[in-house]
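This briefing is meant for a reader who is meeting the structure for the first time. Please look over the sequence and the model below before turning to the points that follow.

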Amino acid sequence: MKSAEVSELISAIVSPLITMPDELTIDTVEDARFTTYNLSLNRKDIGRVIGKQGRVAQAIRTLIYGIRLDNGKRIRLNIVDK
Amino acid sequence: MAQYEGETIELAIQKGLADLKIEREEADIQVVREDSHGFLGIGKKTAIVEMQISPTVVAAKKAKQEVRDQKIQKTIKNDAKQDQQTVSEIKDKVAAEAQKTMEPSENNQVIKKTPSFERNDNQAIKDLSVYLMDLTKRLGAPALVRVDQQKQGIIFHLETAKEGLLIGKHGRSINSLQYLSQTFFNHRGRTRQTIILDVGDYRERRERALTALTKRTARNVVADHKAVFLDPMPSFERKLVHTLLSDNPYVETFSEGTEPDRYVVIAPRKTVMLP
């Protein structure tokens, strides 16, 4: 899967779960072994994306960590705390 | 990609944002040349930045549009089946809804903060079906969704050619998707409902396997007088084990560990329960 497709997937997963999808941005950082997706959103929505005991975040990670990227790197997902 | 010039980098960016009519978060900005005061005004340079609307934002907007289109299609499909409202009525409704969701993003902060949807179970089920179809397509296992309302909860049957991909190792993918769906419904539905996702007959297969495992293990526990620790399982599967053995007079069950690695222990009962 291409990196941009993963961004779109994350956005498709997260957007309907939050109150202000307009403020959702995902930027991608590449390093030697990982492609990291940094999720930043409105402060009020951070809790929704993390969930009770981090369960929503964990579910999102489970879904996307299984994806094979074209560049052969592994995926990481961060939720940016502003 | 357009270039903008200004006294300072900040001013150049402001100019660009005004021109492209976008927010700062939505822009991809690259500084081409930094401003410089020069020396005593000699060699003074203006700043130049290159700017465009960020591809992720464009993608997000496109995705949103797609979901909306699907919604229109789906509503029309349902309509044909149920024959409750005319197609045009629904189209109008969806268009009005689309308008509602579009408007707040213009520049009205107050409306933006209230959700653009009302809590409504039926609408939430429809939206959730669309959500699941969208996600499964993106995950590479496009699935058809069939909704079945039962006493134990609302069951979403997913039918796809790539069941394994959607189920994942030890059912991790489908259980994650189920948790996200539950969150989605809690967020939008009016009442409290349990959301169950099923791929093919996975849940039924799993229930059979789990029942067999439980009975077998219980026998071994009684025979060996030793407690057995099962593998970690999600809460609804643990519940099944507890229920199956609740009236067994020789063993007792309890759960240990913390989510997601919480597991059931089947132990011999110290004092045999009288019938």
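Predicted model: local features only at pLDDT ≥ 70, side-chain atom pairs only at ≥ 80, totals over all residues.

**Helices α8 and α9 of chain B**

- Helix α8 of chain B covers residues 202-224 and helix α9 of chain B covers residues 235-245, and the two pack at an angle of about 45° with their axes 10 Å apart.
- Because of that angle, α8(B) is described as oblique to α9(B).
- The crossing in which α8(B) passes α9(B) is right-handed.

**Helices α1 and α3 of chain A**

- Within chain A, helix α1 (residues 3-14) packs against helix α3 (residues 55-65) at an angle of about 150°, and their axes are 11 Å apart.
- An angle over 145 degrees counts as roughly antiparallel, and α1(A) is therefore roughly antiparallel to α3(A).
- The crossing of α1(A) and α3(A) is right-handed.
- On the side of α1(A) the contact is made by A:L9, A:I10, A:I13 and A:V14, while α3(A) contributes A:I60, A:L63 and A:I64.
- By class, this contact of α1(A) with α3(A) has 7 nonpolar residues, with no polar and no charged ones.

**The interface of chain A and chain B**

- In the interface, 25 residues of chain A are in contact with 24 residues of chain B.
- The two chains, A and B, bury about 2,400 Å² between them, and 66% of that area is on carbon and sulfur atoms.
- Helix α1 of chain A also takes part in a pairing with chain B, where its axis and that of helix α5 (residues 121-138) of chain B come within 10 Å and cross at roughly 160°.
- This crossing angle makes α1(A) roughly antiparallel to α5(B).
- In this case α1(A) passes α5(B) in a left-handed crossing.
- The residues that meet are A:E8, A:L9, A:A12 and A:I13 in α1(A) and B:Y131, B:D134, B:L135 and B:R138 in α5(B).
- By class, the contact of α1(A) with α5(B) has 5 nonpolar, no polar and 3 charged residues.

**Salt bridges**

- Side chains of opposite charge can pair when their charged atoms come close.
- Over all chains, the count comes to 10 salt bridges.
- The side chains of A:E8 and B:R138 meet at 3.4 Å, N to O.
- Across the interface of chain A and chain B, 1 salt bridge is found.

Conventions. Residues numbered from 1 in each chain as written. Chains lettered and ligands numbered in written order. Heavy atoms only, no water. Axes fitted to C-alpha atoms, helices over the stretch in contact; angles between N-to-C directions. Helix = DSSP H or I, 4+ residues; strand = E, 2+ residues; numbered from the N terminus. Parallel < 35°, antiparallel > 145°, perpendicular 65-115°, else oblique. Left-handed = near helix turned anticlockwise from the far one by under 90°. Contact = heavy atoms within 4.5 Å. Nonpolar A, V, L, I, M, F, W, Y, C, P; charged D, E, K, R; others polar. Buried area = accessible area lost by both parts, 1.4 Å probe. Salt bridge = Lys/Arg side-chain N within 4 Å of Asp/Glu carboxyl O.
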